[in-house]
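I set down here what I looked up in this model, entry by entry.

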Amino acid sequence: MRRIALLAAAIALPAAAEPTQQELEKIMQRDFHARGQATMDRLSQDRLQRVCTEAHDRPAPDVAKALEADELKTIAYPQGSLIGDWKRGEAIAQSGRGLTWNDKPGQPAGGSCYNCHELSPQELSHGTLGPSLRGFGKARGAGADVQRYVYGKIYNAKAYNACSQMPRFGVSGTLSAEQIRDLVGLLLDPASPVNQ
Amino acid sequence: MAAGPMKMRANLGAGFTDVRVLMNHPMETGLRKDADGNLVPMHFIQSLTVKVNGRAVLDAQISQAVSRNPVFSFRLKGGTKGDKIEVGWLDNQGESNRIEADVA
Amino acid sequence: MRLLALAAALALSSGARADDSAKEIQRYRQMVAEGSPAELFELEGETLWKKPGGPKNVSLERCDLGEGPGVLKAAYAHLPRYFKDAERVMDLETRLVYCMTTLQGRSRADATARVFGTADRPSELELLSAYIAGQSRGVAIEPGMAHPKEKTSYELGRALFFHRVGPWDFSCASCHGEEGKRIRMQELPALHEAKYARPVIASWPAYRVSTSQFITLQWRMNDCYRQMRTPEPNFGSETTVALIHFLTATAQGETYHGPGNKR
């Protein structure tokens, strides 16, 4: 108890002032512990997270543009077609597994897509945090540009919307290139339930 | 596993008595596996009896389709303030419990 | 329980029948509220509160939860608050651990060995939380906000609520920042807004029907961070208490309903 009290004094905040992001990070470093694959380095806020937090997720247009340009540089496109297997894509979209301290390290993660989005009309249990993706490919076709956009968006959503709530699935290592291709298939393949 | 607590409320309405009983019971179906992958044995309430002033008025046979910590609510015809309601259960492993309450 | 299956089936109906689902879910919630398994946890919690324990072999009945030693009425509704003897802001669960160590002589390690229980075996803190929270039924929620440390705790909680962090860039606000959204079929209240925070905070801790577990706010903070893909928060840490403080303060004024029920 005493050690914690001393640490608290060391990170003492001025009464009733809003703590800075750096102060928050220090507090969290003190108040969290690693468990499973969830290691403490995950608490290091990167520049994008800091800027978005400070701007309440509404950065000035020029700031947003600059962030997006930086994020765009992170996207690595695989060779060949970006459209994978929509059936595997549906399974990946359904799965919410991966990266938690409960998940077995090394097991493939899912995209948690249905947590936030409507996709296949057959799946009624979908979230509304993100826009509906029903009919996505039907409306846009499956040309090279659309493929690159969809792949890029899943790999790093922040490249298109700086403070988006959508995770950066490729950058974070959550999904492999193969998995993202399969999700592109789910969205763009004319045979996919999304486009029926 | 010792039988958990029960809680009952019996309230008089216009010509009827509403009773609600809360029962603590795992209601294991026998189909569930524990963390080690072993089947958890069947353990569920099989019969419920309701008595009013010592006289049996309801005999129910329930199954493992009922979920854990069942809530049993029913309506009796008539009733007066101070009537003694008793609800008892017996499970497939021979454990039992019962509770008494006065109609309020 | 057929109603449970019926409500669940209706919950998965199409958008066109969303209103019917919402109505059925409301009916189900009302039914469960009128005869909640949470009350069984309150009963067991009362027994535990009165049971002597620890090396000093005393019960927790003289524990001061902020309203005076052994005073339970309104205690939960007035937490989190600053405690002079501990020199820190505490929520219910941290205060209970404090009483277990000071009154009963238990070590902190022993008192926190099993903070979150299972359906088969709730933890001591879950049972005690159910009982003590139940004693605040009908009382207006009013956490401590006057002491400088209470203000700091609130500000820290608020900052944490919006702090984006982790491999998925989530903050609490990622899910709880906008009213009218849901994750899968679970509605997400905008918890930084009083209007939406009030009914939610007024029904914690709660019995969770889908897992038959009794869940507390410390558990909720833990499980949210797990899903945010961060490492694990320390139980009863300043971080977790600050978040609970922020949420409770945002809900202030609401009449506390007693332990509630969740899906």
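**Entry 1: a sheet in chain B.** I looked up V50(B) and found V87(B) of β6(B) opposite V50(B). The two strands concerned are β3 (residues 45-52) and β6 (residues 84-91) of chain B, which run antiparallel and are joined by seven bridges. I take strands as paired if DSSP finds at least two bridges between them. Helices (H or I, at least four residues) and strands (E, at least two) are DSSP runs, numbered from the N terminus.

The model is predicted: local features need pLDDT of at least 70 and side-chain atom pairs count only at pLDDT 80 or more, while totals for chains, interfaces and linings use all residues. Residues are numbered from 1 along each chain as its sequence is written, and chains are lettered from A and ligands numbered from 1 in the order in which they are written.

I then traced the whole sheet, which is open, has four strands in the order β4-β3-β6-β7 (chain B) and is paired antiparallel. At its edges stand β4 (55-61) and β7 (96-102) of chain B; each has a single partner strand, so one side of each is left without a neighbour in the sheet. Neighbouring strands here are turned by 15 degrees against each other on average, direction ignored. Axes are lines fitted to C-alpha atoms, for helices over the stretch in contact, and angles run from 0 to 180 degrees between N-to-C directions.

**Entry 2: further strands of chain B.** Strand β1 (residues 6-12) of chain B is joined to β2(B) by seven bridges, and the two run antiparallel. L12(B) has T17(B) as its bridge partner in β2(B). These strands form a hairpin with three residues between them, and G15(B) in the turn has a positive phi of about 85 degrees. I followed β2(B) onward to β5(B), with which β2(B) pairs in the antiparallel sense over seven bridges. There V21(B) stands opposite F72(B).

**Entry 3: which chains touch?** I count residues as in contact if their C-beta atoms, placed from the backbone, lie within 7 Å. Among the two pairs of chains that touch, chains A and C have the most contacts. Chains A and B share no contact, and their closest C-alpha atoms lie 13 Å apart.

Ala, Val, Leu, Ile, Met, Phe, Trp, Tyr, Cys and Pro count as nonpolar, Asp, Glu, Lys and Arg as charged, and the others, Gly among them, as polar.

The contact of chains A and C takes 38 residues from chain C and 43 residues from chain A. On the side of chain C, α7(C) gives the most, with eight residues. By class, this side has 14 nonpolar, twelve polar and twelve charged residues. I also noted strand pairing across the two chains: β1 (residues 32-33) of chain A and β7(C) are antiparallel over two bridges. In that pairing, F32(A) is opposite P233(C).

**Entry 4: a sheet in chain C.** Three strands form an open sheet of mixed pairing, in the order β6-β5-β8 (chain C). Its edge strands are β6 (213-215) and β8 (260-262) of chain C, each with a single partner strand, so one side of each lacks a neighbour in the sheet. The twist averages 35 degrees from one strand to the next. Three bridges join β5 (residues 206-208) of chain C to β6(C), and these run antiparallel. Y207(C) stands opposite F214(C).

**Entry 5: helix packing in chain A.** The axes of α8 (residues 144-155) and α9 (residues 177-188) of chain A come within 10 Å and cross at roughly 125 degrees. The two helices are therefore oblique to each other; angles under 35 degrees count as roughly parallel, over 145 as roughly antiparallel, 65 to 115 as roughly perpendicular and the rest as oblique. Residues making the contact include V146(A), V150(A) and I154(A) of α8(A) and I180(A), L183(A) and L187(A) of α9(A).
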